[in-house]
Amino acid sequence: MGKKKLFALFKDFLDCISLCLSRSSAEAAGNKKRDTENGHLIYKSGDILEDRYEIVDTLGEGTFGKVVQCFDHSRGGGRVALKIIKNQEKYREAAKLEIYVLEKISERDPHLKHNCVQMLDWFNYYGHVCISFELLSLSTFDFLKSNNFLPYPINQIRHMARQICHAVSFLHDNKLTHTDLKPENILFVNSNYSLIYNAEKKCNEKRVNDTTVRLVDFGSATFDHEHHSVIISTRHYRAPEVILELGWSQPCDVWSIGCILFEYYEGFTLFQTHDNKEHLAMMEKIQGPIPQRMIQRSRKQKYFHHGRLAWNESSKAGRFVKSKCKPLKKYLLSHGTEHHLFFDLLERMLEYEPSKRITLSSALRHPFFLPLQQPGRTHVWRKSCDLSR
């Protein structure tokens, strides 16, 4: 299908959603008493939306709005997650795009084989776009946090990594880039856990019983034919081509996955910074010099001097980076074969040049994942009370 025809279909779909939401503005103007000052819907436990969704409690909150747990009385009273978008035009527009992406995912994955969250329904409620999803459990970040940031065992990381690569590879095959991959956007289907004594740390730690995950939050997902914003991704998971404003596509997701998997392995963020130049300095400390070709093409020449990063290692920031960062392989926690294979995969995901970075279809064939392909062994990685790291 040609780009023009694809764009026309995309526009038609958004127009259709716009018609469904056409009463939003009028209702929004007449029902401000339903909303907080910054556009959140005012609700309480027991409230029922659309004669169907009975609110139980709040699951989370973001700039977009809130996510609540509900009984869905049209589905036998089963529990669902309901994302309630703020009553503001820019968030309604973003929600339309997310609905479009979720519809496409549903069309192309009707049997839910690709580890993406399932959208069940969407509607407009007095200016608030509401999207219902299957109810999932804690995010991989929240579980890590609740476990005092003790790392996940390597066997669990292997199973989660394969699912994440599988899900995002599916998006890439359908000309989509997620653009906001991070541990908060990867949720366990069930985060029940067992308490295991960690002799090394001399404390109990939580081991999630089943490492099945789902990829969520497609609010920033971008099709190849759509406008590509200059800046994407949450800071710590942002690829070098994005920081250098070289343009981006699917490989930026692969970089983000590399950062996520490192975080699972170590329990802390690989790039703990909020500054572009410091971020680049950290990259150089971990992965070596930024390629000259990328520097020469960058629109951010202010970060460089004579073709090198303008960075003073003696400054306060320089000393911070030196103390926090070291070459990637020095982060190995064990010299076992599976750990070395894991770091080989990380190095390929954290390749500077997007064109040289490993694709997810290739990543899924990496030897690190070989144990998951051995018949009868999958349960070892799903049931995680195994103490091996």
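Predicted model: local features only at pLDDT ≥ 70, side-chain atom pairs only at ≥ 80, totals over all residues.

Me: What share of the residues in the protein is buried?
Reply: The protein has 389 residues. A residue counts as buried when its relative accessible area is under 20%. By that cut-off the buried share is 52%.

Me: Among contacts with a separation of 6 or more, what percentage joins residues 24 or more positions apart?
Reply: The contacts considered here are those in the protein with a separation of 6 or more.

Me: Which residues of the largest nonpolar core touch the most other members?
Reply: The largest nonpolar core holds 92 residues. Apart from it lies another core, of 13 residues, with Leu-41, Leu-49, Cys-70 and Leu-82 among them. In the largest core, the residues that touch the most other members are Phe-218, Ile-257, Tyr-264, Leu-280, Phe-342 and Met-349.

Me: Which residues does Tyr-264 contact, leaving aside neighbours within four places in sequence?
Reply: Tyr-264 is one of the residues that touch the most other members of the largest nonpolar core. With its neighbours within four places in sequence set aside, the contacts of Tyr-264 are Thr-140, Pro-151, Tyr-152, Ile-157, Met-160, Ile-164, Pro-183 and Ile-186.

Me: How many residues of helix 5 are buried?
Reply: Helix 5 runs over residues 154-173 and has 20 residues. From first to last C-alpha it reaches 28 Å, close to the 28 Å expected at 1.5 Å a residue. The helix is mostly covered, and the number of its residues that are buried is 17.

Me: What is the relative accessible area of Thr-177?
Reply: Thr-177 sits in strand 7. Leaving aside neighbours within four places in sequence, it contacts His-172, Ser-220, Ala-221, Thr-222, Trp-248, Ser-249, Gln-250, Cys-252 and Asp-253. Thr-177 is buried, because its relative accessible area is 1%.

Me: Why does Glu-245 count as buried?
Reply: Glu-245 is placed in the loop between helix 6 and helix 7. Its phi is near 55°, a positive value in a residue other than glycine. The cut-off for buried is under 20% relative accessible area. Glu-245 counts as buried because its relative accessibility is 18%.

Me: What is the relative accessibility of His-128?
Reply: His-128 belongs to strand 6, residues 128-134. Beyond four places in sequence, its contacts include Asp-35, His-40, Ile-84, Asn-87 and Phe-123. His-128 counts as buried, because its relative accessibility is 0%.

Me: How far apart in space are Leu-120 and Glu-134, C-alpha to C-alpha?
Reply: Leu-120 is in strand 5, residues 119-125, and counts as partly exposed at 23% relative accessibility. Not counting residues up to four places away in sequence, it touches Arg-75, Val-80, Ser-132, Phe-133 and Glu-134. Leu-120 and Glu-134 are 14 residues apart in sequence, and their C-alpha distance is 6.9 Å.

Me: What covers the buried residues of helix 8?
Reply: The 12 residues of helix 8 should span 16 Å at 1.5 Å a residue, and the end C-alpha atoms agree at 16 Å apart. The buried residues of this helix are Asn-276, Glu-278, His-279, Leu-280, Ala-281, Met-282, Met-283 and Ile-286. Their cover includes helix 6, helix 7, strand 13, strand 14 and helix 10.

Me: At what angle do helix 8 and helix 10 pack, and what is the hand of their crossing?
Reply: Glu-278, Ala-281, Met-282 and Lys-285 in helix 8 meet Ala-317, Phe-320, Val-321 and Lys-322 in helix 10. By class, this contact has 5 nonpolar, no polar and 3 charged residues. The axes are 10 Å apart and the angle is about 40°, and the crossing is right-handed.

Technical notes
Residues numbered from 1 in each chain as written. Heavy atoms only, no water. Helix = DSSP H or I, 4+ residues; strand = E, 2+ residues; numbered from the N terminus. Expected span 1.5 Å × (residues − 1). Buried < 20%, exposed > 50% of the residue type's maximum accessible area, 1.4 Å probe, protein only. Contact = heavy atoms within 4.5 Å. Core = buried A, V, L, I, M, F, W, Y, C linked by side-chain atoms within 4.5 Å. Axes fitted to C-alpha atoms, helices over the stretch in contact; angles between N-to-C directions. Left-handed = near helix turned anticlockwise from the far one by under 90°. Nonpolar A, V, L, I, M, F, W, Y, C, P; charged D, E, K, R; others polar.
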